[in-house]
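Q: I'm new to protein models and would like to learn how to read one. Could we go through one together, feature by feature?

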Amino acid sequence: VGIYIASISNKVDTSTPDGRAMFGMLSVFNDMQRGFIKQRIEEIMEYKIEKGLNVGKIPTGYKYVGKGKPVKIDEKEAEKIRDVFNLTINGINYKEICAKYNLKPSHYYHILRNVFYIGKIYYNGEIYQGIHTPIITEEIFNLANSKIKIRNNLNESNDKRNNSANS
């Protein structure tokens, strides 16, 4: 094709047979290294899950206390999380809740659906038991989620009725 790579730092020039061979070998070794890194990360994640430790970003309401230790509740932020759930259960509109706590709607829904708040960890499509202290009970979590599901279903029904009425 007439396009070659010349690397000064690695002394590779793909315009020559030796350079093309060296480039190919470097590519293979880089690919192998990437595979080793991926495998090691997966092993670390599995180890953390087995131990019940957090494997991602620490959710609002918790704080990091040290490597290999469970996160601790940040009581000031945890009160906000509890209030978000309670307001939702009591039928307060998500827009009002978002305004009260300066939340984006996506963050509001992420909070309500995050099983971390009931002491569990979501990883790779599965839910595992964590060793951190829950901020809310599973009953409150389920009740709030059933409320938003009911509201969403009502909104969809109203949208369908409005669309058919406008037709």
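Q: Let's begin with a backbone angle. Which residue just after α1 takes a positive phi?

A: Happy to start there, and keep in mind that this is a predicted model. The residue is G52, with a phi of about 80°.

Q: Which residues of α1 are buried, and what covers them?

A: Buried here means under 20% relative accessible area. In α1 the buried residues are G19, M45 and I49. Their cover includes β2 (12-13), β5 and β6 (126-129).

Q: Let's take one of those. What does I49 contact beyond its neighbours in sequence?

A: I49 belongs to helix α1, residues 17-51, and has a relative accessible area of 9%, so I49 counts as buried. Setting aside neighbours within four places in sequence, its contacts are V55, I121, Y123 and Y128.

Q: Now a charged residue. Is R82 buried or exposed?

A: You read it from the relative accessible area, which for R82 is 19%; the cut-off for buried is under 20%, so R82 is buried. R82 sits in helix α2, residues 75-89. Leaving out neighbours within four places, R82 is in contact with I73, E75, I135 and I136.

Q: And Y64, is that residue buried or exposed?

A: Y64 has a relative accessible area of 55%, and because exposed means over 50%, Y64 is exposed. You can find Y64 in the loop between β3 (62-63) and β4 (72-73). Apart from neighbours within four places in sequence, Y64 contacts I58 and V71. The C-alpha atoms of Y64 and N54 lie 9.8 Å from each other, and the two are 10 residues apart along the chain.

Q: How many residues are in the largest nonpolar core, and which have the most contacts inside it?

A: To read a core, look for buried nonpolar residues joined through their side chains. The largest one here has 28 residues, and F85, Y108 and Y117 have the most contacts inside it. The elements giving two or more residues to this core are α1, α2, α3, α4, β5 (120-123) and α5 (138-166). The largest share, six residues, comes from α2. As for Y117, among the residues it touches beyond four places in sequence are P59, I81, F85 and I136.

Q: At what angle do the axes of α3 and α4 cross?

A: Compare the directions of the two axes. Those of α3 (residues 94-101) and α4 (residues 105-113) come within 10 Å and cross at roughly 100°, which means that α3 is roughly perpendicular to α4. Y94, I97 and C98 of α3 make the contact with P105, Y108 and Y109 of α4. The residues of this contact are six nonpolar, no polar and no charged.

Q: Finally, what percentage of the 167 residues of the protein chain count as buried?

A: For the protein chain, 28% of the 167 residues count as buried.

Key:
Residues numbered from 1 in each chain as written. Predicted model: local features only at pLDDT ≥ 70, side-chain atom pairs only at ≥ 80, totals over all residues. Heavy atoms only, no water. Axes fitted to C-alpha atoms, helices over the stretch in contact; angles between N-to-C directions. Helix = DSSP H or I, 4+ residues; strand = E, 2+ residues; numbered from the N terminus. Parallel < 35°, antiparallel > 145°, perpendicular 65-115°, else oblique. Contact = heavy atoms within 4.5 Å. Nonpolar A, V, L, I, M, F, W, Y, C, P; charged D, E, K, R; others polar. Buried < 20%, exposed > 50% of the residue type's maximum accessible area, 1.4 Å probe, protein only. Core = buried A, V, L, I, M, F, W, Y, C linked by side-chain atoms within 4.5 Å.
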